[in-house]
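Have a look at the sequence and the structure first.

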Amino acid sequence: MPGGRLGTLLGPAARRAMKEFDRDLCPEGELIIMTVRWLLLCLLLSLPLSADQQADYDRLKTDIAEQKRTLSKFEKQGRYTEAIPLQDSIANVAQSALDIALASPEIGDASAYSYYVGVLKDVGKTEQALAALGAYQELPLLERDQLVEVWRKRAEIYRKAGDDRALDSYRKGAEATDKPRERGWFQIDAARMLVDLGRPDEALAEISKLPQLIATLEPAQQESLERDRQSVLEKAYREKGDAALAREAKKREIELRLLVLQRELAEFDQKYPISSK
């Protein structure tokens with residue numbers, strides 16, 4: 001680990017300086033000597049160590065990204081005997097990256113856990129990811145957005161595993177956020193999962209109060225969330241065998257998509273002016 005390597009390099013210098021303080025200070029000043037030795041050790045180890053840890057952390061993240069690209073290629077090609085050990089390798093490298101981050105004063109613990117959980121989720125390490133989320137959630141002084149992220153990631157992990165405990169996480173996330181649009185997304189995602197689970201009536205109940213929430217948003221946000229709501233309605237009604245309502249919801253979804261495209265087209269020349277060169 002980087003801490004051990006740098007500690008070895010800096011150890012002799014730290015010890016020489018400590019001995020000089022020992023000789024210069026009188027024997028009666030043991031408390032002062034101990035304090036100075038501790039402060040000197042912290043100074044010598046922390047400053048260069050944090051910079052080196054950041055570099056090591058970044059290198060490991062680059063390595064993980066490369067391995068994930070290889071993993072994606074293996075999975076697309078059906079090379080599962082090679083993909084499985086690579087998943088283990090990626091998880092191990094991610095653990096090393098987390099260890100470095102948690103030992104560094106420069107790398108935030110919350111961001112490190114967020115990255116670590118994301119990697120584990122991507123490589124199918126469900127139990128490890130959930131355990132890491134538990135540790136993430138126990139970090140002191142988590143901000144609201146970070147707590148919301150914990151519930152979102154927990155829901156994503158359960159959803160990927162086909163575990164209906166995702167529903168509780170979506171609902172906890174909706175309760176935790178103070179952003180109406182984000183609350184709507186949580187409710188939409190919960191409803192989508194309920195449809196996938198063959199529970200369309202519960203899906204409809206999940207988003208039954210969304211129109212009131214949507215009405216509080218800005219126009220562009222209203223269109224986006226209403227479009228997603230109509231998409232869920234179409235799937236839920238189709239699952240229930242109600243073709244007429246499914247058709248109506250699908251038509252409204254398409255109309256909203258068209259509205260967004262028309263606005264983008266109207267703003268196109270302004271956003272992408274013709275170059276004079």
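## Around helix α6

Helices here are DSSP runs of H or I with at least four residues, strands are E runs of at least two, and both are numbered from the N terminus. A word on ground rules: this is a predicted model, where local features need pLDDT of at least 70, side-chain atom pairs count only at pLDDT 80 or more, and totals for chains, interfaces and linings use all residues. Residues are numbered from 1 along each chain as its sequence is written, and side-chain values use heavy atoms, with hydrogens and water left out.

(The expected span is 1.5 Å times one less than the number of residues.) Buried residues of α6 include Val-148, Trp-151, Arg-154 and Tyr-158; buried means under 20% relative accessible area, exposed over 50%, and partly exposed in between, using a 1.4 Å probe and protein chains only. The buried residues of α6 pack against α4 (109–122), α5, α7 (165–176) and α8 (180–196).

Tyr-113 sits in helix α4, and it counts as buried because its relative accessibility is 11%. Tyr-113 and Tyr-136 are 23 residues apart in sequence, but their C-alpha atoms are 5.9 Å apart in space. Leaving aside residues up to four places away in sequence, Tyr-113 touches Leu-98, Leu-102, Ala-132, Ala-135, Tyr-136 and Leu-139. A contact means heavy atoms within 4.5 Å.

Leu-120 is also in α4, and at 0% relative accessibility it counts as buried. Among the residues it touches beyond four places in sequence are Ala-91, Gln-128 and Ala-132. Asp-88 is 32 residues from Leu-120 in sequence and 9.6 Å away in space, C-alpha to C-alpha.

## The nonpolar core

The largest nonpolar core has 61 residues, and Tyr-57, Ile-90, Tyr-136, Tyr-170, Ile-207, Leu-210 and Leu-225 touch the most other members. Helix α3 (residues 80–103) gives the most to this core, with 10 residues. Such a core is a set of buried Ala, Val, Leu, Ile, Met, Phe, Trp, Tyr and Cys residues joined through side-chain atoms within 4.5 Å.

What does Leu-225 touch, not counting residues up to four places away in sequence? Its partners are Arg-181, Gly-184, Trp-185, Ile-188, Leu-210, Leu-213, Ile-214 and Leu-217.

## The whole chain

Overall, the protein comes to 13 helices and zero strands. Buried residues make up 38% of its 277 residues. Among contacts between residues at least 6 apart in sequence, 57% join residues at least 24 apart.
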